[in-house]
Amino acid sequence: MNHTVRQYLVELEKQNPTDEPVHEQKLVSTTDPDATYATKGKTPARLGYYDNYLVDNHSCVIVGVQATAARMSQETVAAQDMIARFAEWQGRNPESVVADATYGNGEFLQWLTERDITPYMRTRDNALRKNNPLYGPERFTYLPESNSYLCPAGEQLNYVGLNVRNRAHAYIGSGKRCGACSQKAQCTRGRYKYLAIHMHEPARQRARDLANTPAFATAQRERKKVEALFAELKNLIGLRRLRLRRMKFVREQFFLAAAAQNLKRLVRFLSQPTNPIVKAAT
């Protein structure tokens, strides 16, 4: 069982009553206080909710629906809830879950690993790490016997503790060793190297390794099925804006829309011929 998890922003029918741009969530809608401002890409921020889907890749049937506030922090929370409900319903976890990189944080990847669910998603590395010309964590070798790291020049970085805010273990060199190193210009701009390793780095590394496999490419192609469901939701069902407000009514609209989409799949399955078609031979 391979599943895809995805979210879609649905706006309120009546948006911000003023024409002034909204940059922060300091304003609360007087008609729907549950709605939050969100934006996708470079579009202006709008009041809305997130519609989260969990889809069976083989049948393209929606097996999980979750309405959340329009905050990116809610996407993995919704994914965990939908997967947990699916596992309780079916009596087992899905074999794998495929999603885009916004789901690839260490906490969610660790949560999937603990349940033996294969994660086909790229890790959510920040842009600073991607574009940084200096040595990244992949250039350092972990020494489990001393809980330290070996830098490319052969010097040791010692463990100094957990940075709770960044959810990362900190390893540092020394000003003396790093100052005399011939590779310092390629390694750090500070007095010594500071290496931050995410507390769930093994789960993140597993996801990076899976991203280089043929199964990952196959899973990402199947992920396009959920995009087709959201396109159907917008263009055919017409759920671009919500007519009812408050979370409990939004949740009902999302469930009804998903039920309508699943009924269309059911009609297609029932209309398929039950007897195999025998090819004519001459």
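Predicted model: local features only at pLDDT ≥ 70, side-chain atom pairs only at ≥ 80, totals over all residues.
Arg191 is found in the loop that runs between helix H5 (184-187) and strand S11 (194-198). With a relative accessible area of 62%, Arg191 is exposed, since exposed means over 50% relative accessible area. Lys176 lies 15 residues from Arg191 along the chain, and the C-alpha atoms of Arg191 and Lys176 are separated by 8.6 Å.

In soluble globular proteins, nonpolar side chains tend to be buried together. In this model the largest nonpolar core has 23 residues, and those with the most contacts inside it are Tyr49, Tyr53, Ile62, Leu233, Leu239, Leu242 and Phe254. Two or more residues are given to this core by each of strand S1 (2-12), strand S3 (46-56), strand S4 (61-69), helix H8 (224-235) and helix H9 (247-270). Helix H9 gives the most to this core, with five residues.

## Helix H1 and the residue after it

Helix H1 covers residues 75-90, and its 16 residues reach 22 Å from the first C-alpha to the last, which is close to the 22 Å expected at 1.5 Å a residue. Its buried residues are Glu75, Thr76, Ala78, Ala79, Met82, Ile83, Phe86 and Ala87. When H1 is seen down its axis, these buried residues fall within an arc of 165°, so they line one face of the helix. The residue that follows H1 is Gly91, which has a positive phi, near 80°.

Helix H7 (residues 214-222) has Phe216, Ala219 and Gln220 as buried residues. Seen down the axis of H7, its buried residues fall within an arc of 100°, and they therefore line one face of the helix. On the other side of H7, Pro214 and Arg221 are exposed.

The 12 residues of helix H8 should span 16 Å at 1.5 Å a residue, and this agrees with the model, where the end C-alpha atoms of H8 are 16 Å apart. Val226, Leu229, Phe230, Glu232 and Leu233 are buried in H8. Because the buried residues of H8 fall within an arc of 155° when seen down its axis, they line one face of the helix. The exposed residues Lys224 and Asn235 are carried by the face of H8 that is turned away from its buried side. Leu233, which is buried in H8, is also one of the residues with the most contacts inside the largest nonpolar core.

## Salt bridges

The count of salt bridges in the model comes to nine, where a salt bridge is a side-chain nitrogen of Lys or Arg within 4 Å of a carboxyl oxygen of Asp or Glu. One of them joins Glu201 and Arg204, whose closest N and O atoms are 3.2 Å apart. Glu201 and Arg204 both lie in helix H6 (residues 201-210) and are three residues apart, about one turn of the helix. Glu201 has a relative accessible area of 14% and is buried, and Arg204, at 6% relative accessibility, counts as buried as well. A network of salt bridges links Glu201, Arg204 and Arg208.

Glu114 and Arg115 also meet through their side chains in a salt bridge, at 3.7 Å from N to O. Glu114 counts as exposed at 54% relative accessibility, whereas Arg115 counts as partly exposed at 30%. A further salt bridge is formed by Arg223 with Glu227, the closest N and O atoms being 3.8 Å apart. Arg223 is buried, with a relative accessible area of 17%, whereas Glu227 counts as partly exposed at 31% relative accessibility.

Tyr159, Leu162, Val164 and Met199 make a nonpolar surface patch of about 360 Å². Leu162 is partly exposed, because its relative accessible area is 40% and the partly exposed range lies between under 20% for buried and over 50% for exposed.

Methods: Residues numbered from 1 in each chain as written. Heavy atoms only, no water. Patch = residues over 30% accessible without salt bridge, like charges linked within 9 Å, V, L, I, M, F, W, Y side chains within 5 Å. Areas by Shrake-Rupley, 256 points an atom, 1.4 Å probe, with all protein chains shown as cover. Buried < 20%, exposed > 50% of the residue type's maximum accessible area, 1.4 Å probe, protein only. Helix = DSSP H or I, 4+ residues; strand = E, 2+ residues; numbered from the N terminus. Expected span 1.5 Å × (residues − 1). Arc of directions from axis to C-beta. Core = buried A, V, L, I, M, F, W, Y, C linked by side-chain atoms within 4.5 Å.
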